[in-house]
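Please look at the sequence and the model before reading on.

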Amino acid sequence: MLLTEERAAAKAAARPGRRPRRDWLWGYGLIAPMALGLAVFYLWPIVQTLYLSFTESGVFGGQTWVGLDNFAALFGDEEMLGALRNTLLYSVLVLIGVPLAIVIAALLNVPGLRGLGFFRTLYFLPVVTMPAAVGLTWRYLYNGDFGLINYLLGEIGIDGPYWASDPEFAIYAIAVVGIWSSLGYNAVLFLAGLQGIPKHYYEAAAIDGAGRTRQFFRITLPLLTPTTFFVMVITLINALQVFDLVYLMIDTKSPAMAGSRTIVYLFYEQGFVQNNRGYAAAIAVVLLVLILALTALQFRLQRRWVHYE
Amino acid sequence: MRLRMTLAAALAVTLAGCGSGTDTTTKSGKITISYAIWEKNDQASTQKIIGAFQKQHPDVTVKLEITPWDQYWIKLQTAATGGAAPDVFWMNSLNVRLYAKGGVLAPIENADVSAFPQAIVDGYRYNGKLYGMPRDVGLPVLWYDKELFDKAGVTYPTADWTWDDLRAAAKKLTDPAKKQYGLLAPMWDQGGFYPTIVQAGGHVISADGKRSGFDEPGSIRGLEFWTDMINKDKVAPPAQATTDTDPVQLFMTGKYGMYYGGSWLATAFKANTERGDKVDVAPLPKGPAQEAVILLGLANAVSAKSEHPVESAQFATFLSSEEAEKILSDTGGASVSSRAGTQDGWFDAFPNYHLKEAFDASIPHGVPYPVSLNTAKWQDVQNKLLAEAWAGKRPTADAAREIAAQMNEILAKE
C-alpha cells in the first residue's frame, strides 16, 4: 500500500518542468499518509525528546526547564561511562562477525551446492525469530548449572562458568548471540552482492592464470566492498542500540549487570525504572549524536577502501 | 529501535487494557470497573471474590487484569501518567507515597481497618489519609529441605534457632563434591538482608526517613551474614548461581538445605509433586541483637481518575471485608488474608507445612518495610552496590558505606 503511494509520489516528483496546480496538489495528497505518519511517529518524538532532555520531569508527567544540567551530569556519571564502554566493546565484537558473514555467503554461493535452499533458510532463521525467544533460549543455554553448554563442557571434564551472570564473560556471551542473530541477514546481503559481480571478470582472471584464492582476494573482496560498507554501517547502528539481549539475558540484580549495561539499557533504567525522564532523554540525545558521528566517520573513511565498479 | 519494539508491545497492552477499562457505561446501565493485580497464583481466589461482589452489585462488572511483577509498575506508571490507571489496583507500601503524592490515588474515607495489623495499615497512610485497603500479609520464613537434613543427620530448624545454629547446620549440609549447599543466599531485601540488618541491631533508614542506616555497625553485620556465607564459609552458592536460575527453582532441585523465602511460596511448592512434600517451614532464626521479621502486606488502591469512584471504592472496601478475606485464605493461593480471624483456611490448605506455627512465632516481631518517598531510587543504588559485595568483588562494609553516602544524597533531595 505504502509502497505504491511512494512510487506514485516518486513518479510525480520525477516529472520535469512546471505543471498545473492540480497536478502537484495530487502529489502532496498522495504522499500525505506517509508524510503524516513520519511526522507523528518520527519527527514529533524526536522534537519531544530534544525538549525533554533539557528538563527535569515529574514522576507522573510535568516538566521543569533545567537547561544543560542533564548533559553536565551525564559527563560525570560513572554509569554512563561504563555503559559507553560496554556498548562500544559490544559493537566491536559484533563487527567481528561481519567477515564471518562473508565466508558464509561465499559458501552459500558455491554453484551446484546440494541443499542450498536448506542452508540458506537455516542461516536466515535467527532473523525471523522473535528477539525475546532468542534471548530466553540463549539464557537457558548459558545457564551455569543446567545449561546445555556447560553440560557438554562437563562431558569433557571442563567446569564451565556462569556465562551470562559472570562479570568477566557476560558481555562476550551477549555479543555471541548478537553475531548469531545478525549473521543470516548480513549473509543474505553479501549473497546479493556476490551475485552482482559479473562472471566475465572471473573468466578473464582465469585466462590470466589466477587461482581461486587469488580471484577471491583480487576480484570478489574488492567488488564486494560496497556491500561490506553498507553492512558495516547498519551493523554498527544496530549494535549501538542493543537493548533486548541485555534486558532478557541479564538479571537486574546480577553481578554481571555493571559489565553489560548498554547505553539504551541505561536509558531504560533511568526513564522507566527510576522515573528520570529528562535524564533519559539526554542519554538518548547523546546516543543519537554518537551514532551520527560514527556513521559520518564511516562515510568519510569509505573513500579509502570502497570500490565502485 | 529494539527498545522501542519491546516497550511498544508493553504499551500497546497497556493502552488496550485502559481502553476497555475506561469505556464503561453500556446501554443497560451496567458499568465495568477494571482491577489490576500481578500474582497469577491469586487468580482463582480473586475471581471468586469478584463473583461474590458482583452478586451483591448486579449492575457492576469487574474486569481482572493480571500483569507479571516485572512489568506491573512500568505499566501502571505509564497508565497513571496518561490519566488512565485501572479503577482499582494492587499497591505496596514501597510505592504508595509516590502515587499518593502524585495524585494518582483517591484517599479512602471512613474505612474500618481495626481488624488489620497496625504495622501494615500505617504503611498506607500519607499525610494523615489512608490510600489503600489492606488485604494480605507476606512473611519471610525459613524453608528447609527435610530430606537433606535427614541424610546429614541434622535436626530440623525450630523457633528457637539463632544465627549460629543456622551456620552450624549449613556447614554440615554443604558438600562441594555433590554441588550441594546448606543455604541459598540470593540478594533479596524483604526476607533476606533487611531482616538480618534489624536482627543485628542495625536499621535501613532512620525512623524519620531522613538518613540512611547502611553504615551502622549492626547493618554491616546484617549484610555480612549473607556475604560471609557465600564468599567466606562457602556454605551458599555464588551470587552468579542465584541470578542465573530463580532461587525458588534451585531450592526445588533438592541440593540446597535452607532458603529464606516468602510464605507465599507455599502454593508453588505444594504444586511440585516431586519435592513439595519434602520441604517445610520454620520462623527466621534470631539475630545477635533481637528477633525481627519484615512484614509486608499489599493493599487495594482506588484511582483518583476513576470514572466510577463510588463503585470502585465499594469494591476496594469489599476486598477487605470478612467475606472476601475468608475466600482469599480458604482458596489457598499465594496470599493469606491479613484480617484477624480469617487466616485459618489458608493454613489448613497446606497441612504439610507448619505455617501457622511460623506465623504465630513471627508476627509479634514484625517490623514495617523501610520506605521513604521515592524508595525505588535508593533501592536501585543499594542493589547495584550490594551486587558487587555479593559477588565478592568489594568488601561488604565498603559497599555499605558507599550506599549510605549515596542514599543520604537522595534522601536530602526528597
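Is B:D122 buried, partly exposed or exposed? The relative accessible area of B:D122 is 35%, so this residue counts as partly exposed. The model is a predicted one, and the values below were computed from it.

**The surroundings of B:D122**

B:D122 belongs to helix α5 of chain B, which covers residues 118-122. A salt bridge joins B:D122 to B:R125, with the closest N and O atoms 3.8 Å apart. B:A334 lies 212 residues away from B:D122 along the chain, and the C-alpha atoms of the two are separated by 23 Å.

**Salt bridges**

Over all chains, the count of salt bridges is 22. The table lists some of them.

| Salt bridge | N to O distance |
|---|---|
| B:E65 and B:K63 | 3.5 Å |
| B:D122 and B:R125 | 3.8 Å |
| B:R135 and B:D136 | 2.8 Å |
| A:E79 and B:K384 | 2.8 Å |

The partners can be described by their accessibility. B:E65 has a relative accessible area of 12%, which means that it is buried. For B:K63 the value is 31%, so B:K63 is partly exposed. B:R135 and B:D136 are both buried.

**The interface of chain A and chain B**

Between chain B and chain A the count is 4 salt bridges, and 12 residue pairs are in polar contact across the interface. On the side of chain B that touches chain A, at least two residues each come from α1 (2-22), α3 (69-81), α4 (96-101), α10 (239-244) and α17 (375-390) of chain B. The residues on this side of chain B comprise 17 nonpolar, 10 polar and 8 charged ones.

In total, 36 residues of chain A and 35 residues of chain B take part in the contact. The area buried between the chains is about 3300 Å², and carbon and sulfur atoms give 55% of this area. A network of salt bridges links A:E79, A:R261, A:E269, B:D380 and B:K384.

**Chain A and its helix α13**

Chain A has 14 helices and 2 strands. Its C-alpha atoms fill a box of roughly 80 × 70 × 35 Å along the principal axes. Of the 309 residues in chain A, 39% are buried. Among the contacts in chain A between residues at least 6 apart in sequence, 67% join residues at least 24 apart.

Helix α13 of chain A, residues 263-273, is mostly covered, with 8 of its 11 residues buried. Among these buried residues are A:I263, A:L266 and A:Y268. A:E269, a member of the salt-bridge network, is also one of the buried residues of this helix. Just after α13(A), A:N275 has a positive phi of about 65°.

**Strand β3 of chain B**

How do the side chains of strand β3 (residues 88-91) of chain B point? B:V88 and B:W90 point one way, B:F89 and B:M91 point the other way, and all are buried. Side chains in a regular strand alternate between the two faces of the sheet.

β3(B) pairs with strand β1 (residues 31-37) of chain B in the parallel sense over 2 bridges, and here B:Y35 stands opposite B:V88. With strand β14 (residues 299-303) of chain B, β3(B) pairs in the antiparallel sense over 4 bridges. In that pairing, B:V88 stands opposite B:V302.

Notes: Residues are numbered from 1 along each chain as its sequence is written. Chains are lettered from A and ligands numbered from 1 in the order in which they are written. Side-chain values use heavy atoms; hydrogens and water are left out. Contact means heavy atoms within 4.5 Å. Buried area is the accessible area (1.4 Å probe) that two parts lose on being put together, summed over both. A salt bridge is a side-chain nitrogen of Lys or Arg within 4 Å of a carboxyl oxygen of Asp or Glu. A polar contact is a pair of N or O atoms within 3.5 Å; within protein, one must be able to donate a hydrogen and the other to accept it, and residues adjacent in sequence count only if both atoms are side-chain atoms. Ala, Val, Leu, Ile, Met, Phe, Trp, Tyr, Cys and Pro count as nonpolar, Asp, Glu, Lys and Arg as charged, and the others, Gly among them, as polar. Buried means under 20% relative accessible area, exposed over 50%, partly exposed in between (1.4 Å probe, protein chains only). Two strands pair if DSSP finds at least two bridges between them.
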